[in-house]
Every structure is written in C-alpha cells, then in structure tokens.
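Let us take a walk through this structure together, sheet by sheet, and then on to its aromatic rings and a pocket. Please keep the 3D view open as you read.

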Amino acid sequence: MAVLCASVLAGCKKDDSKAGALNVTLTYSGFARGCVTVTATDVDNAANTNSLNVAIPGNTEGSVSVAVYRKKDWGRVLSVTTQLHEVDCSTPALGIPQEKKAQVPVEGSLDVAFVVRANDVDRDGYFSSDDAEGVVSGTDCMDGDINVNPSATEVCNGTDDNCTLGESDATDKLTYYTDGDGDGYGSTEVKACSQPVGASDKGGDCHDGDPQVRPDRAEFRCDGKDDNCNGMNDEDFGVDSECKDALKCTGKLACASTPSQTTCVRLPGAENEPKVWFMDSDGDGFKGQDAGLGCESPVDGGIPQSEDCDESSIYVRNGLTEVCDRLDNNCSDGVDEGCAPLTWTMDAGVEGTGELTAIALYDEGRKAWMVGPNKLVHLDSTTGTATPYTNPSCQGGWRAVWAAADGRVFAVGDSGKMLTRTPNADPNCFNRDAPGSPPFLGITGIEQPSVGATVYAVSSNGKVFKWKEPYNQTVDLSEFGTGLENLRAIASAQSEDSLLAVGGDGNSKAVAYRYNVAGASWQVDLPSGTYDGYLKGIHVTDGRFAYAAGENGLVLKRSGGVWTSLPTAFEPNGTTKADLRDVLAFSEKGIYVATSEGNIRFYDGSTWTTAYSGTFLLSSLDGPFPTRIVAAGTGGTVVNFTAPTPP
C-alpha cells in the first residue's frame, strides 16, 4: 500500500522496495483553519487506496505537504486527490476533489502540486458560502460575523446564526397559540421567534371555534359546558344546588333553555307536590280565600285546607251556627236549614204619612234615626218609643242620615243644610249651612274612637264636604272635593282610603269616584259612559268589596279595584228593570236592593229573588247584620226584618 507522510520524506520510513515518493503540496489562501484530506489510489487497482488528513497550520495562506510512498504490490501510477474541510477534519468535505495522476519514481521524489482558495474573513473556521469562481464555497452564510456559522447556537435575533433553516431551529423561540376564533386566546401551541399571523400569546382556549369561550372571563352561560376554560362547567350558576321553585317546592338548580339562566327543577315525591293554600280575607278568623298553589303557603299563615266557603262575608264559615238570614252560614251547601219562610213586617204612617228619605241603625240595630222633609225621629226598640224632634232647629229638607255608634246623628239635605245631635231630651238641634248651599243627597261617617266621628256629604252639584268634631267651629266644616259629577251617595269601610262616591253624569251614565289619600284628591274609579243610569246607593263592605245600585236595574260590584256588573235586577214581574234606590250587602251571595215600587230584591250570587214585596217607594236600606235589616220610604213606611231563631 502507499504510505502517506505529513512532511516531505522526513520521518517517513521507506518500504522494502526502496521506491521513490510523490511529494504532494497543497498551497492555500484566504483561510487559516481547516483540513485537507489527501488520498492516493492505485490507478490499476482501486482497492489499493489510502488517505491522510492534514491540518491547516493556522496561517491565512501557506502550504502543506505530504509524501506518498507506494507499496511493492502497487502499481507505479497513482491517482492523488485532495479535498478541503472547514474547521477540522471532522466536518464534511467541500466541493469537488482535485485529482492528479502521477507515476512514483523509482528513486527520489516527484512534486505534485495543488492550489486551493477559500474565504474565511471572520476566521471562525468556516468558509464563506459565496460561490465565487476559483474559491471553495463553504457553509458560512455571513462571513464577516464571527457569531454566524454552522456551529453557532441559533437564537431569535433576526439572523440565521447557524446558516440553516433561518430561525426555525432557534433554541429560544417563544410559545404562541393558534387562535382560530380571534378571541385573543389560542389552543394549539406554536413555537416562533415572533408572533405568527392568527396566533396569540395567550393559550388555554378550550373551544377555539367559539369567540365567546375563552379563559379569564366569567362563566357566562348555563349550558353544561366550560365557557371560561377552567375545567369546570357552569360553576357560577350553582347547578345541582338546592332551590325552591316558583311554587316553593324543593328542587335542584339546572340550566334553563335560555342562556345564562337557571331553573329550579322540582324533585319527585308526593310530599313535594304543590297544593292549594287558603288565607283569611274577610277577617272572621277562618281561612277560605284561595291564596294560590304551592308546596309552601304563598302568604304568611296560609293553611292547606279551607275553613271558610265564603271569604266575602264574616257571616259565613265552616262550623258557624246556621241562622235564618238567606246565607249558608255553616258552609253546608244549604241555606237556612230548619228555618220557616222568612217574613218581613211593614209599618205605614210611622210618625205621619210623610216621606221617609233615609234611615240609619245603631246599637246592633236596636235603635235608629229616620229623616224626611222636616222630619227627624229617633226610634228605640228596647223601650218601644219613637221620639220626633220638631223644634225649628231640627227642621229641614233632610235627604240622608248617618248614625255613629254612640247614637249621635248626622243629617244633610237641601240648600246645604247639615245637622247633628245626640238622642237626648234637648229639643234643640245643632245645624250648619255649608258654603254655597250645595244640595246634599248622601252622607257617611268614619268612627274615631275617643275623638268623635267625621262625616262626609255629597251633593248633586259635584261637591263633597267633610265635617269633624267638635262640629261647631268654622274650621270643622271644609270642602273636601269639587268639580265631580252629580253625586247621589257615599260610603266607606271606616277609612278615608276606602271612600267611594257614586252618581251620574249629564248623559245619565253611571259614575264612581275613589278618594286617593296619598294625592288628597278624588279620582275617577268608574269611567263615565260605561253603564246607563244614575247610581243612587252604595255599600262598602270592606276594603275589598263595594256594591252600587241605581237606575235600569243596574247593580255593580267592585272587587280588586275593578267594577263589574251583576245580572240586571228586575221588578218581581220579570220585565220591568227596577229603579234601585239603595243597596245593602253582607256577602257576594247576599245582596239586597230597595226599589221605587216598594220591593226588596235579594241576590244570592246567581239569581235575583224577592225578599219583600210592597207598594210604597223604598228609598233607604240599612242593617248591621244580615239578621237585622230595615228599609224606609214614602207614606212613613218602615219595613223590618229580624231573623227568627232556628228551631
């Protein structure tokens, strides 16, 4: 085999053939570091080959030499090639090898010369990659910057530090995330030196196709999904926590069909089924008013079974003793069990045959005041006496009367006349004239314990007056409303906020007004034009119910602030619409009206029947209980009903 030596002949031991040598010289320039691989190959037998790596000594130009000796079994003609390496002999060879063929002399040496040029300006051991003619092209893509070469560490600095793949192999690339929905949060991790288009520096998006779903936000939808990518579903909505539904039944919170809302899903079980609850609305201490459906009572104190079949009346409830009053007092679905037919008594010419325009009972109906034109009479059934007050101070065209619980009477009438007195022996009456002489037609009062009653009077010219104790001072009588329609009657449930006044307008249409305490004014409660005919009487049973009656058989019920009409009240002949003068109510199923033909009609909640049939016009009805009722009218007529005791 050929023997290569790194210096010309020196130190190289000749083989036994004592043959000559080739003196291979490589002259280089432009670089100082590198390696030359010299290879000698037997031209006649390529299997005979040998190579030697020779380091560049460290100068930017110079030469290196090797001696090539042949083995005795080699041919004399050798192919000698040289190939350049950057840095050292471990790097790949560059370019196309240079080749020269030479015959090894028998003795002595034969010079074989090679010349190579490469550029390594920054002397980092890597040659410039410029492909200039006559210059070996290396791998340094930026020869001039010692920090840029194939062995450099690639970092994100805008430069291809290792001359390979740009910055794609940088070791300090930042982490970004593909943001498919453009919400500023991405999902799939991407490494890059700068933020790619369509990527975000924030990750963790668990649904990169919905811009509303992303980290760092509240869980905004109750939908069984993780809307803020924190690994939990609907955590802000309390799903599965215990709740009460609209009917106060126990349930578990669940997502509703509407986003961001929850619903309470009722748990199964008979004990969790809603039931009807009842409350006491009429104040009789027994509960029968439907308060609504629920697993718990919708109102305080509600009970799940009814104790009262008529919550419009304190005279009807479960367990109450049945009395003879046309009401189902004991809720037995029957009326007046064991009672004989109810009868009324009629007295004509009471204190003369003159007209009685009004009557007012007190002392549980045992005593009464009656008025008429120039007539003021006190009746006392406990003594069987009638006391007329005939003093001129007691005379007037009295149209309406009201009696306080202590027996004090108030009467009003024509030309603004007003009167008050107590049932004593003094013949004189105290009277006042209201300013403007209003033609009074109706009166009611409100009791004020330990102070005295306050009365309210209405007139046909649309004025209302208020008269309070001590009744004898100018300031005690004041105008309480003006500009209303033609008013005929007024009533209350013992409070100003329940005051109602009724009458008619210029087109003979019914009107009703309610006093608004907050606004200190009267407000239209029944719009004019709704019903035909004047309303002439009104009875307010409590803060929930009121009843008004008038011309053309018109009877109205006010409940929940709304007026509705009851069936038309006819006279007993069934064809004549009754001209109703007054109304008295004890229940939605117990309403009395007095007619101008002298009859008292009764409404049981479905039909009208005749309670009393007479011939004299009845203008006034009163009674503290359904077992004690009186009426008064023309001809000094007084009609009485006192319930008999059941057998």
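**A walk through the sheets, rings and a pocket**

Four strands make up an open sheet in the order β4-β3-β6-β7, and their pairing is antiparallel. At its edges stand β4 (49-55) and β7, each with a single partner strand, so one side of each is left without a neighbour in the sheet. Neighbouring strands here are turned by 20° against each other on average, direction ignored; the axes behind such angles are lines fitted to C-alpha atoms, for helices over the stretch in contact, and angles run from 0 to 180 degrees between N-to-C directions. Strands themselves are DSSP runs (E, at least two residues; helices are H or I, at least four), numbered from the N terminus, and two strands pair if DSSP finds at least two bridges between them.

Before going further, a word on the model: it is predicted, so local features need pLDDT of at least 70 and side-chain atom pairs count only at pLDDT 80 or more, while totals for chains, interfaces and linings use all residues. Residues are numbered from 1 along each chain as its sequence is written, and side-chain values use heavy atoms, with hydrogens and water left out.

Now look at strand β6 (residues 77-85). Seven of its nine residues are buried, where buried means under 20% relative accessible area, exposed over 50%, and partly exposed in between (1.4 Å probe, protein chains only). Strand β3 (residues 35-42) pairs with β6 in the antiparallel sense over eight bridges, and Asp42 stands opposite Leu78 in β6. Strand β7 (residues 93-103) is joined to β6 by eight bridges, again running antiparallel; there, Leu84 stands opposite Leu94 in β7.

Another open sheet of four strands has the order β34-β35-β36-β37, with antiparallel pairing. Its edge strands, β34 (535-540) and β37 (562-565), each pair on one side only. The twist averages 20° from one strand to the next. Four bridges join strand β36 (residues 555-559) to β37 in an antiparallel arrangement, and Ser559 stands opposite Val562 in β37.

Let us turn to the rings. Rings of Phe, Tyr and Trp (its six-membered ring) pair if their centres lie within 6.5 Å; planes under 30 degrees apart count as stacked, over 60 as edge-to-face and the rest as tilted. By this rule the count comes to 20 aromatic pairs. One of them is the tilted pair of Trp402 and Phe410, at 6.0 Å centre to centre with 35° between the planes; both Trp402 and Phe410 are buried. Tyr515 and Trp522 form an edge-to-face pair, 5.3 Å centre to centre and 65° between the planes, and Tyr515 and Trp522 are buried too. Ring pairs also link Tyr315, Trp344, Phe586, Tyr592, Phe602, Tyr612 and Phe641 into a cluster.

Finally, visit the second largest pocket, which has a volume of about 200 Å³. A pocket is an open set of points on a 1 Å grid over the protein atoms alone, where a 1.4 Å probe fits, with protein on both sides within 12 Å along at least five of seven lines; lining residues have an atom within 4 Å of a point. The lining of the second largest pocket has 18 residues, and Leu379, Ser381, Arg628, Val638 and Asn640 lie nearest its centre.

How values were computed. Points joined across faces, edges and corners; volume = space filled by probe spheres on them.
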